[in-house]
There are 2 protein chains.
Amino acid sequence: MTDTVAADTAASADTTTFAGAPSERTRVRRVAENARYDAATVRAIVDDAYLCHIAFSDDKGSHCIPTACWRDGEHLYIHGSNGSRMLRRLVESDICVTITHLDGLVMARSAFNHSMNYRSVMIYGRFEKVTDEAHKRRTMESFMDRLVPGRQAEVRAGNDKEYAATTVLRIALAEAACKVRAGAPTDDAEDMAWPVWAGVLPFERSRLAPQTDPACALAVPDYVQRWSEGAQ
Amino acid sequence: MTDTVAADTAASADTTTFAGAPSERTRVRRVAENARYDAATVRAIVDDAYLCHIAFSDDKGSHCIPTACWRDGEHLYIHGSNGSRMLRRLVESDICVTITHLDGLVMARSAFNHSMNYRSVMIYGRFEKVTDEAHKRRTMESFMDRLVPGRQAEVRAGNDKEYAATTVLRIALAEAACKVRAGAPTDDAEDMAWPVWAGVLPFERSRLAPQTDPACALAVPDYVQRWSEGAQ
Ligand SMILES: Cc1cc2nc3c(=O)[nH]c(=O)nc-3n(C[C@H](O)[C@H](O)[C@H](O)COP(=O)(O)OP(=O)(O)OC[C@H]3O[C@@H](n4cnc5c(N)ncnc54)[C@H](O)[C@@H]3O)c2cc1C
Ligand SMILES: Cc1cc2nc3c(=O)[nH]c(=O)nc-3n(C[C@H](O)[C@H](O)[C@H](O)COP(=O)(O)OP(=O)(O)OC[C@H]3O[C@@H](n4cnc5c(N)ncnc54)[C@H](O)[C@@H]3O)c2cc1C
Ligand code: HEM
Ligand code: HEM
């Protein structure tokens with residue numbers, strides 16, 4: 001079976017290296033000067049994400065579904081219910097996973113040269129099911145660790161019934177392309193003297209103060225306190 | 001032709017009302033208590049977005065492409081080059097456009113009940129080309145107005161050559177479903193006494209101070225100054 005990962009193959013699969021060069025499918029054609037194909041850029045964009053969008057199709061057409069994701073080694077992981085239409089479809093054919101970070105609005109002198117600063121990655125391939133139980137639990141714990149370091153040890157861990165109802169899938173970060181735009185606008189030479197302010201209006205994903213569940217009487221622990229204090 | 005919009009049909013098309021009830025394709029099955037199908041929710045999620053992800057497929061498989069978007073009346077609009085593979089494909093078959101806002105991480109007592117707070121919309125249908133030149137320019141200006149109110153009047157406006165190279169597409173906000181999660185975690189009764197902090201770790205998209213292009217000697221105008229001062 002090509003759509004499952006056994007424990008013994010997992011370790012070797014984790015050493016997969018990125019292609020580094022575009023495939024027929026990942027070669028960026030439009031605004032190709034913003035293309036990047038290196039593993040470090042792929043990883044950095046994935047590691048800064050909490051969610052991805054996945055394109056797949058079935059008898060109802062194309063679907064674009066948002067879902068939580070995390071990186072573990074050379075793979076991107078997702079999880080959900082055994083009963084999920086999406087998860088069942090994703091191991092049946094090649095799909096495309098995209099992550100996008102919007103960093104700013106780019107204000108040029110001409111309307112035409114307005115743009116956005118961004119970091120995006122598109123990953124092609126097929127998801128495979130994580131069938132080894134230890135691997136499945138370990139990577140779900142690494143998901144929690146990525147979200148809120150320190151919390152895994154305190155929560156009521158997933159039990160056998162919960163894990164039995166859960167599907168974990170992963171896809172290799174192998175056939176991937178990035179597009180990255182950063183910095184000031186690029187105007188045509190003849191527009192440079194146009195009397196309008198030019199520059200970038202930046203965005204940031206920021207963290208607000210933790211909101212304690214009204215039903216929770218416990219104090220905010222250190223690892224939660226740190227949420228909105230450090231860098232995001 | 002069903003994939004183009006002429007000036008005369010544009011006005012009447014703008015009065016299209018939302019379905020309000022799910023179609024076979026938009027009925028939410030998983031965690032259906034978070035589903036919403038009303039026009040106000042669709043609009044609010046679209047209006048808070050700068051970008052969407054579009055799922056479509058061609059002979060290379062499924063693609064998930066991030067692109068800037070804006071709402072004008074009862075439609076979602078996108079734009080790009082006449083030469084764009086994506087834009088050429090989008091008028092040829094039904095596709096799916098998704099917008100997702102991540103509002104927070106939901107920390108439950110049990111690992112299994114951890115979740116995210118979010119607002120998402122999935123729109124199905126076919127894009128149509130905006131062929132009327134006045135309609136095309138008016139909606140591109142409304143895009144600029146939505147991004148940075150006040151700027152349109154100052155920039156060097158798009159010229160005939162630039163507009164001739166640009167394709168603008170729109171899709172009706174008609175066959176759409178939303179999923180929205182907000183508020184505290186939902187734990188099972190038997191986990192409520194587990195001694196771990198529970199609550200929400202919120203995110204916000206925030207605006208940082210404008211960055212003037214090093215090649216620009218002009219002062220920051222009021223409408224740019226307001227960027228990082230008011231609410232996002
Ligand atoms: C925040 C944001 C806003 C954008 N807004 C617009 C817009 O308004 N109009 C517009 O035309 N384009 C926009 N883009 C660019 C858009 O994502 C596509 O790159 C572009 O539309 C060309 O699509 P295509 O299918 O014709 O590309 P092609 O260049 O033909 O795509 C070929 C291959 O290149 C790779 N690739 C293409 N785009 C990306 C990407 N963004 N990230 C990683 N790999 C990629 C994929 O492997 C793809 O299959 C935006 C991108 C971002 C991140
Ligand atoms: C930020 C975020 C994180 C998420 N993380 C996960 C995760 O880790 N695991 C997981 O299983 N699910 C996650 N979801 C939910 C995910 O988007 C899907 O709703 C879910 O995976 C079920 O997919 P399905 O195709 O099986 O759904 P079905 O319920 O069978 O979908 C049927 C129809 O319902 C509508 N619909 C489904 N999902 C959405 C949506 N999100 N927004 C608007 N309309 C929708 C569409 O019209 C779709 O075709 C997340 C959603 C968000 C917004
Ligand atoms: C209103 C402000 C505008 C913004 C924020 C904006 C944003 C963008 C972005 C982010 C892209 C993608 C570029 C990339 O792939 O890196 C793009 C592409 C494009 N935009 Fe705009 N745009 C704006 C106005 C305009 C106007 C007014 C026109 C035409 C008059 C226009 C024509 C185009 C074209 C043709 C492309 C395709 C570039 C290519 O694929 O080669 N844009 N725009
Ligand atoms: C680590 C922290 C976790 C987070 C942030 C998280 C997040 C999410 C999110 C956002 C969803 C989508 C719910 C929706 O559609 O509204 C989801 C679904 C799901 N999660 Fe998790 N999860 C976590 C841990 C777990 C664990 C440990 C398990 C199993 C032991 C699990 C099993 C599931 C299942 C089965 C679903 C599908 C729900 C459905 O479609 O009915 N999750 N999760």
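**Salt bridges and their surroundings**

Modeller: B:Arg137 has a relative accessible area of 23% and is therefore partly exposed (buried is under 20%, exposed over 50%, partly exposed in between; 1.4 Å probe, protein chains only). The model is predicted, with local features needing pLDDT of at least 70 and side-chain atom pairs 80 or more, while totals for chains, interfaces and linings use all residues. Residues are numbered from 1 along each chain as written, chains are lettered from A and ligands numbered from 1 in written order, and side-chain values use heavy atoms, without hydrogens or water.

B:Arg137 meets B:Asp160 in a salt bridge, N to O 2.8 Å (a side-chain nitrogen of Lys or Arg within 4 Å of a carboxyl oxygen of Asp or Glu). This pair links distant parts of the chain, 23 residues apart: B:Arg137 belongs to helix α4 (residues 133-147) of chain B and B:Asp160 to helix α5 (residues 160-164) of chain B. Helices (H or I, at least four residues) and strands (E, at least two) are DSSP runs numbered from the N terminus. B:Asp160 is exposed, at 57%.

In chain A, shared partners join the salt bridges of A:Arg25, A:Asp94, A:Arg126 and A:Glu175 into one network. Within it, A:Glu175 pairs with A:Arg25, their closest N and O atoms lying 2.9 Å apart. A:Glu175 is in strand β11 (residues 175-181) and A:Arg25 in the loop between α1 (7-13) and β2 (35-36), so this pair ties together parts 150 residues apart in sequence. A:Glu175 is partly exposed at 23% relative accessibility, whereas A:Arg25, at 18%, is buried.

Returning to chain B, B:Glu24 forms a salt bridge with B:Arg29, at 3.4 Å between the closest N and O atoms. Over all chains, a search of the whole structure finds 40 salt bridges.
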